[in-house]
Amino acid sequence: MVLTLLGITVVAFLLREAIPGDPVEILLGKEGLFQPSPEEVRLFRTRFGLDRPLFVQYFRWLGDVLRGDLGRSFVTKRPVAQEIRERLPATLLLALAGFSFAVLIGLLGGVFLAFWSGSIVDHLVRVVTLLFRSMPTFFVAVVLITLLGERWRVFPTSGMGSWRHLVLPAVVSGSGFGILIMRLLRTNLLQVLGNDYILAARARGLSAWKVLLKHAFPNGFVSVLTMFGLYLGGILGGSPVVETIFAWPGAGRLLVQAIYGRDFPLLQAFVLVFGVTYVAMQMLVDVCYFFLNPQVRPGKRIV
Amino acid sequence: MHSFVHRRFFLVVLWSLLVFLLLVCSALAQERPEVIIAGHRDLVPGENDPYYTSTLLHVWEPLVTRDEEGWPAPMLAESWEVSEDGRVWTFHLRRGVLFQDLTPFNAEAVVANFERYRRISPANSPFYPFRIHETYPGLKEVTAIDEYTVRLTFEEPVPALPFLMVNFGSAMFSPRNFREDGFFNGFPIGTGPYRLVEHKKDEYCRLEPFEHYWGQKAISPIRVRVIPQAETRFSALKAEEIFGVIDIGALTPALAMELLKDERFAVEVSPSTIAHYLFMNGSRPPFDDVRLRKAVSLAIDREFIVRELYYGYGEVMGTILSPASPFSVPLPIEHDLAEARRLAKEVLGEKRVQVRFIFPSWSLERYPYKEQAEYIQSVLRELGIDAQIQILEGGAFNEAMKAGEYEIAMRNQGLPNAEPNTIFTWYVLSDGAGNVEYHLNFKDQEADALILQARREMDMEKRFQMYARVQEIAKEGYHWIPLFNNVDLLVYNKRLKGFRSLGKKYDVTLWEAYLE
C-alpha cells in the first residue's frame, strides 16, 4: 500500500519530464506569442525552485505534500489545494448524478433484459444500446444539446445552476457506463439462471421474478460491483470532455487546462489526489466484496 | 353646456397625460434586464494577474488607449507631450474621474500605480504579460507635478512611449486596491463604466454599471459566461440563453455563417491584432534557399484561403506587419503559380523533396487550420515539395520549432502593443529571439540598423519610413511568410441593441448594450 502510494508520487512528479515542452517557456511565452527574456526565465525558475536538481525538487515536493502543502499553481499563483477544492463539488455532483443514472438504467435494464431474454425487446434494446455506446461522447452530447437544448428547449444547453442544468451532462457521462452494466448484468444473470440451485428454486414453485431477484441477482451482481469500483475510482477526475462541452466548471476542465498550460504543481496534485482516491475506492470495493461474496472470506470453504 | 364639454375634454386629456407620464416613469424606473453574453475563456484571471480582468470588460481604464484606426488615443490621460531629447514625457490627466471606491483619480494615484508596476513586473497574464522594462524602458522616475500632471523621466529617449502604453500597458487602479506585493487585495477597483460584482472562476462574471462613471454611463448589467466549446456557444445562442459572443475566436467562421442563416442573428466584424503566418526553417535545406521560400509564398492563393475557408472574413496581407498596426504598409500580395514553379525548378531541378509541415493542435479550436494546411500541401506538391502535415500539441509544437525539427510551421502571431519595433526585434533583427530560436536564419544589415535607429527616432514621419523599409526587406527574405489578418466574428441576437465592434480597438460597446 505504502509502496503504491510512493509510486504514485514518483509518477506524478516525473510527469513533467515525460511531457514535451518547457513549462517556463510555455507559461511566459504564451504559446510562442511572446518572447520571455532569459532574465525572466531565470527568475521564474528560481521562484518555483525549478533550477534545482530533479531529485532535490522531488524530495522538497514530497516533504511539502506530507505537510499538507500541494504547492502553488504556476498560472494563477494560488494554492493548488484551493484550486482543486473549489472544483470538486461540481465534479462530484456531476459524477454522482451520472453514476446514479448509470446504476438506474444499468440494473433495471440488465434485470429486464435477462427476464425477457431472447424476445424482440431484448434484441432491439441490445442493438440500440450497442449503437449508442459506439458513438463518441462528443457526438452524443452535441446531438442531445441540439435536440433537447437548442430545438425543444427542455434543458439548458450548458452551465451549472438548477437541477435542469445537471440532466444532460449526467445522462451523457453516465449512459456509457450504464449500458456496460446493463449488458454485463444481463450476461451474468443468464449464466446464473442456468445453475442447478436456480432449477431447485423453480422446482419449489417460486415465481420467475422471485427467482431472478432473490436467487440470481445477488450472484450476478458481484462482478458488476468490480465495475462500480473502477468507475468510482476515476470519479474525481471528472469527465474533461463532458465538462468542456457542457461548460461545467468541474475538476476535469481544470485538469485539461493544467495539461495544456503545463501547470505542473496542479497536474502533480491531480495525479496524487486521483491516485490516492483510486486506491481508496478499490479498497472500499474489496471490503464490500468481503461482505457480499462469502467465497473471498479467509477460512471459509464453500462446498 | 359647451364649456362643460370643453372642461370634460380637458380633464380626460389631463388624466390621460398623467397616466402616460406615470407609465413612462415606471418603465424608466424598472431595471434593465441583465445582458448575458459568452466567450471561450474566463476574462477574469483574478487577483494574481496584473490586470485582474480583460480590458473588454471595462472595469479598469488605461492612461492611453487605441483609437479605431489603431493609433494611441487619450483615455485617463487627456493629452501628453515629450521633451526635445525624448527623455521626459508629461501627461495631463482627466479631471473629475473617480475610482469605483470613490477615491479620486489624480497624479498621486498614477504614481502609486507606477510603484505597483515596479513591484509586480515581470508578471504573467493570459492576455499580455506585463514587463516594465519593455513598456517603460529605462524609466528613472515618476513625479506628480501637480494634482493632474505626471512626469515620466527616462534614461534614454523613448519616442514611441504612447504606442507602448496603450491599454494593458497603462492600466490604472485605486491605490487602495493593492496588496504589499502589488497584486490585488480584492475585486478590481478601476475607473471604468462597469464594476465587477461577482466572479465564479471558469463559470461566469457579473458586471454592474458604475453610477459615478465620468463618461457615458453603462446601460445594463452584464453577465459574461465561460463556454469553452464553440459548438455549445452556437447552441446557447440559438436557444437564446446568451445574446452575443465576445473575445478572440468568438465563433468559427463556419458556425457564424450557419447562425446568420437564422434571421434572429447579426454579426459584428472585429478586426483582430492576430495574423496568420508560415515560419520557414531557413537554417537547413531545402528552405535555406530564398528562391524556394519565395516559390512557396508565390504559390499560395491567399484570397482563396480567406474566401473558401473563412467565408471572406479575413484581410490578406503582403507585409509581415498586421494591418491592425498603424505602421503596416500595404505591400503587393503576390500569387503567381507559374513563377513559383519556375523558381522551384531552378532550385530543385527534377527531384522532389519531403518536408515536415507542422501546426499546433490548439489552433484547431479557433481556425480551420487542417483544411488550410491541406490546401497549402496541395500547392506545394505542384512545386515538387511533398509536405507531411503533423498536428502537434502546443508544447511539442514549440519544442519542434526550437529544435528546428520542421521545415514549415503554421501559426498565428499577435501584436503585443502598437509599437512594431517589438515584433521586428523578435523576428527580423539578425539576433532577434524568435529569428534565432525558431531557426528562421534571416540576416540583413540594413534591417538591423533601421530597427535599432527607429527606437530613438523622434520624428514620427521618419520612423514610419523606417518601418516601411523594414517591412519591404523582411518581405524579400520570405522567412516569415504572411498569409492574412484574422477577424473575430461577434455574432449576436438582434434583440441585443447597441452591441458594436470598435474597429482596431479590439473592443465592443458593452456599455451601450441592452436587451430589447
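Student: How do strand 7 and strand 8 of chain B pair?
Tutor: Strand 7 (residues 139-146) and strand 8 (residues 149-154) of chain B run antiparallel, with 6 bridges between them. Strands here are DSSP E runs of at least two residues, helices are H or I runs of at least four, and both are numbered from the N terminus. Two strands pair if DSSP finds at least two bridges between them. Before we go on: this is a predicted model, where local features need pLDDT of at least 70, side-chain atom pairs count only at pLDDT 80 or more, and totals for chains, interfaces and linings use all residues. Residues are numbered from 1 along each chain as its sequence is written, chains are lettered from A and ligands numbered from 1 in the order in which they are written, and side-chain values use heavy atoms, with hydrogens and water left out.

Student: Fine. What joins strand 7 to strand 8 of chain B?
Tutor: A hairpin, with 2 residues linking strand 7 to strand 8 of chain B. Within that pairing, B:T143 has B:R151 of strand 8 as its bridge partner.

Student: And the sheet with 6 strands, what's its order?
Tutor: In chain B the order is 14-18-13-17-15-16; the sheet is open and its pairing is mixed. Strand 14 (315-316) and strand 16 (385-392) of chain B are the edges, each pairing on one side only.

Student: How many bridges join strand 13 to strand 17 of chain B?
Tutor: There are 7, and the two strands run antiparallel; strand 13 of chain B covers residues 265-280. As one example, B:A275 has B:Q413 in strand 17 as its bridge partner.

Student: Which residues other than glycine have a positive phi?
Tutor: Among them are B:H58, with phi near 60°, and B:D247, with phi near 80°. Most residues other than glycine have a negative phi, and most peptide bonds are trans.

Student: Is B:H58 buried or exposed? And B:D247?
Tutor: B:H58 counts as buried because its relative accessibility is 10%, and B:D247 is buried too, at 3%. The cut-offs are under 20% relative accessible area for buried, over 50% for exposed and partly exposed in between, using a 1.4 Å probe and protein chains only. B:H58 is in the loop between strand 1 (35-39) and strand 2 (61-62) of chain B, while B:D247 is in the loop between helix 5 and helix 6 (253-260) of chain B.

Student: Which parts of chain B does the B:R291 and B:E346 pair link?
Tutor: B:R291 and B:E346 come to 3.0 Å, N to O. B:R291 is in helix 7 and B:E346 in helix 9 (residues 337-348) of chain B, 55 residues apart. Then there's B:K402 with B:E437, at 3.3 Å. B:K402 is in helix 11 and B:E437 in helix 13 of chain B, so this pair ties together parts 35 residues apart in sequence.

Student: Now the interface. How many residues of chain B are in contact with chain A?
Tutor: 48 residues of chain B are in contact with 41 of chain A, contact being heavy atoms within 4.5 Å. About 3600 Å² is buried between the two chains, 48% of it from carbon and sulfur atoms. Buried area is the accessible area (1.4 Å probe) that two parts lose on being put together, summed over both.

Student: How many salt bridges cross the interface of chain B and chain A?
Tutor: 4. In one of the structure's salt bridges, A:R78 meets B:E47 at 3.9 Å, N to O. Those two residues belong to a salt-bridge network that also includes A:E83, A:E86 and B:K201.

Conventions: A salt bridge is a side-chain nitrogen of Lys or Arg within 4 Å of a carboxyl oxygen of Asp or Glu.
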